[in-house]
Amino acid sequence: MSTKAPLADRIAKATPAPLASRMRGLSDRSIAWLFIGPTMALLLAINIFPLIWTIKLSFTNYRANRPNAEVSDIGIDNYVSVLTDPDIWIAMQTTAHFVFWTIALQTLIGFSLAFLLDRKFRGHGFWTTLILIPMMLSPAVVGNFWAFLYQPQTGLFNAVVAALTGVSPSSFSMLGEVKLAPWAIIIVDTWMWTPYVMLICLAGLRSIPDYIYEAAEVDRASRLRQFWSITLPMVLPFIMLAVLFRGIENFKMFDMVNLLTSGGPGSTTELASITLKREAFEKWRTGYSSAFAIILFVAVFGMANMYVKALNYVKTR
Amino acid sequence: MSQGISTAHSVVEPSATSRWVAGLLVALYALITITPLAWIILTGFKSPSDAISYPPKVWFEPTTQGYCNLFTTRSRQTPEYLAALPPATGKCDQMARAESMVVVGNSNYIPRFVNSLIIAFGSTVLSVGFGVMAAYAFSRFKVPLKDDLLFFILSTRMMPPIAVAIPIYLMYRELGLSDTRTGMILLYTAVNISLAVWLLKGFIDEIPREYEEAAMVDGYTRLQAFRKVVLPQATTGIVATAIFCLIFAWNEYAFAVLLTSGEAQTAPPFIPIIIGEGGQDWPAVAAGTTLFLVPILVFTVLLRKHLLRGITFGAVRK
């Protein structure tokens, strides 16, 4: 009896302190809402409310440059005209061409560079930093200065191509010719974003434990076989992640191409976002462009879903 | 996957030759990839005629004319008017006189640069501030529909900027926020907050819960534990996240060009429209570009360790 009382006393003294202090402050539940609240409020005000507004506008013939004109509800007419507009389909094809080739080139070059960097030669940290610089730059500023490099005759790009191939530097214009302009934007995007793919591939390569290669070596698997059966499958989730990120980013590409070609010559480099900008802010067809924006949302959202699935796959691997 | 295993290779150690070849190829690529940037930095120190000479000049007489033209506005004058003026005072004025022009004032570059700084820092403070709170709540508490909310936050980043800009443009017109720094700060905060929440959640997840629990046993409230235990532990993550937010806001162009035109215009929409007599003044554009890129180059070096994490929204950690 005499030994139990002090113990109970001690327990009684020890427990109330933290409990009491928790009661003094806010409950965890209210802190959770207090902490998430501002983020949600901001996103609701600046993302969700405008999104709902866009959906509403997409069913009208509203024009932002005539705020006093009568607005009438025209049902799904805008969606029908967007989806049957041949110009929109041309823009989608241009976008697909751009997305496909930038991803193909960036994956190929990015993976090769990562594969080389994984040799861990002397000074690889320095060279990596140098290679990473382009992707940190402002896409608009990049588009602007590449327009200078692409100048026929006086530009550096033409001079280098002329020196390597022997053609005259004034015989071609990367931004002025229908055949070359789509490749001009692909080259700049590849220059800028190859480091991105490289960095992710490098993380993939570094995540492969050495013992797998050691086991393959014991089994006398050839270097080529090791590459196909170990390296590539293990890096693949990382490549997928990079491809999806680049895919989404390039699907909505605007700034760099707007500065470089603004869609020209003709409409050969007019990507979806540039068409959207022209419809919304030059022709002021607000209702129509809202419908197009919603269609693009849905497309990107679908890709985002794929991205999250891939991400979970990479994480659970 | 979260820890890069880089123990010493044994049988799989690359041979000296393969290392040497790999190093050579990578160095070659790095030099090629850095050439366009180096060329722009050089162009900033060329005279307008050297900048567009044929063939392009690698060796030239360096001049600060590009920088003078970037910071000043000039007007052409008659020889009589110039002769009557007192001698030129500054170096920029002398250079202008040599082309029978006088400096008449400052250009808009500095105000635009200042706008960029204010908007980038303002939005970074807000998005990291809100972001760290939301990230902590998502990391530590049972939030209903947590995964859906996190996906929703991420998906806001996936929207094409031009599509978002249409209603924002209309909304800001109604609220009087068009072409204001406040409007741009709020907009960039909304765009960056998704990145901030995702990155910071990753960083906070890595801080053991036991630290706060110990502090709370010692009598701290939850809020005190957050402020005095979690925040100091998360400093590295907060700084890395802040730099990512800064870079985005600093580089952003699509919203800036559609929603600002004067007062609140940032540097990216301004630099491409620097024009001299007869078209773009390339040395001035190159000078403006160079100054604009300096902070980014510094940040790239500072961020090297966390770069991978930032660009994948925390999906890949090293």
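1. Contacts along chain A. In this predicted model, 72% of the contacts in chain A with a separation of 6 or more are accounted for by residues 24 or more positions apart. One such pairing can be followed on the structure: A:Pro182 and A:Thr94 are 88 residues apart in sequence, yet their C-alpha atoms are 8.1 Å apart in space.

2. Make-up of chain A. How many helices and how many strands does chain A have? There are 14 helices and 0 strands. Read from the N terminus, the order of elements is therefore α-α-α-α-α-α-α-α-α-α-α-α-α-α. Chain A comprises 317 residues, and 41% of these count as buried.

3. Domains of chain A. The domain assignment divides chain A into domain 1, covering 20-57, and domain 2, covering 77-316. Taken over C-alpha atoms, the centres of domain 1 of chain A and domain 2 of chain A are separated by 35 Å.

4. Domains of chain B. For chain B, the assignment gives domain 1 as 61-107 and domain 2 as 110-271 + 305-311. The C-alpha centres of domain 1 of chain B and domain 2 of chain B lie 44 Å apart.

5. The contact between the chains. How many residues does each chain bring to the contact? Chain A contributes 87 residues and chain B contributes 94 residues. On the side of chain A that touches chain B, the largest share comes from helix H3 (residues 28-57) of chain A, with 14 residues. Sorted by class, that side of chain A holds 59 nonpolar, 15 polar and 13 charged residues.

6. Helices H6 and H9 of chain A. Two packed helices are described by the angle between their axes and the distance between the axes. In chain A, the axes of helix H6 (residues 124-136) and helix H9 (residues 181-206) come within 7 Å and cross at roughly 120°. An angle of 65 to 115 degrees would count as roughly perpendicular and one over 145 as roughly antiparallel; H6(A) and H9(A) are therefore oblique to each other. The crossing of H6(A) past H9(A) is left-handed. On the side of H6(A), the contact is made by A:Ile131, A:Leu132, A:Pro134 and A:Met135. The residues from H9(A) include A:Trp191, A:Trp193, A:Tyr196 and A:Leu199. Which classes of residue meet here? The contact of H6(A) with H9(A) has 11 nonpolar residues, no polar residues and no charged residues.

7. Helices H6 and H9 of chain B. In chain B, helix H6 (residues 109-140) and helix H9 (residues 181-205) have axes that come within 6 Å and cross at roughly 40°. Only an angle under 35 degrees would count as roughly parallel, so H6(B) is oblique to H9(B). The crossing of H6(B) and H9(B) is right-handed. The contact of H6(B) with H9(B) is made up of 18 nonpolar, 8 polar and 3 charged residues.

8. A:Pro182. This proline is found in helix H9 of chain A. Is A:Pro182 buried or partly exposed? A:Pro182 has 16 C-beta neighbours inside 10 Å. Leaving aside residues up to four places away in sequence, A:Pro182 touches A:His97, A:Phe98, A:Thr268 and A:Thr269.

9. A cis peptide bond in chain B. The peptide bond from B:Tyr54 to B:Pro55 is cis, with omega near -5°. Where does B:Pro55 lie? B:Pro55 is in the loop between helix H2 (48-51) and helix H3 (65-71) of chain B.

10. Positive phi at A:Trp284. Although A:Trp284 is not a glycine, its phi is positive, at about 55°. A:Trp284 is placed in the loop between helix H13 (272-281) and helix H14 (286-316) of chain A. A:Trp284 counts as partly exposed because 14 other C-beta atoms lie within 10 Å.

11. Positive phi at B:Leu145. B:Leu145 likewise is not a glycine and has a positive phi of about 55°. B:Leu145 lies in the loop between H6 and helix H7 (146-155) of chain B. Is B:Leu145 buried or exposed? B:Leu145 counts as exposed because it has 9 C-beta neighbours inside 10 Å.

Methods
Residues numbered from 1 in each chain as written. Chains lettered and ligands numbered in written order. Predicted model: local features only at pLDDT ≥ 70, side-chain atom pairs only at ≥ 80, totals over all residues. Contact = placed C-beta atoms within 7 Å. Helix = DSSP H or I, 4+ residues; strand = E, 2+ residues; numbered from the N terminus. Nonpolar A, V, L, I, M, F, W, Y, C, P; charged D, E, K, R; others polar. Buried ≥ 20, exposed ≤ 12 C-beta atoms within 10 Å, placed from the backbone. Axes fitted to C-alpha atoms, helices over the stretch in contact; angles between N-to-C directions. Left-handed = near helix turned anticlockwise from the far one by under 90°. Domains from an automatic or database assignment.
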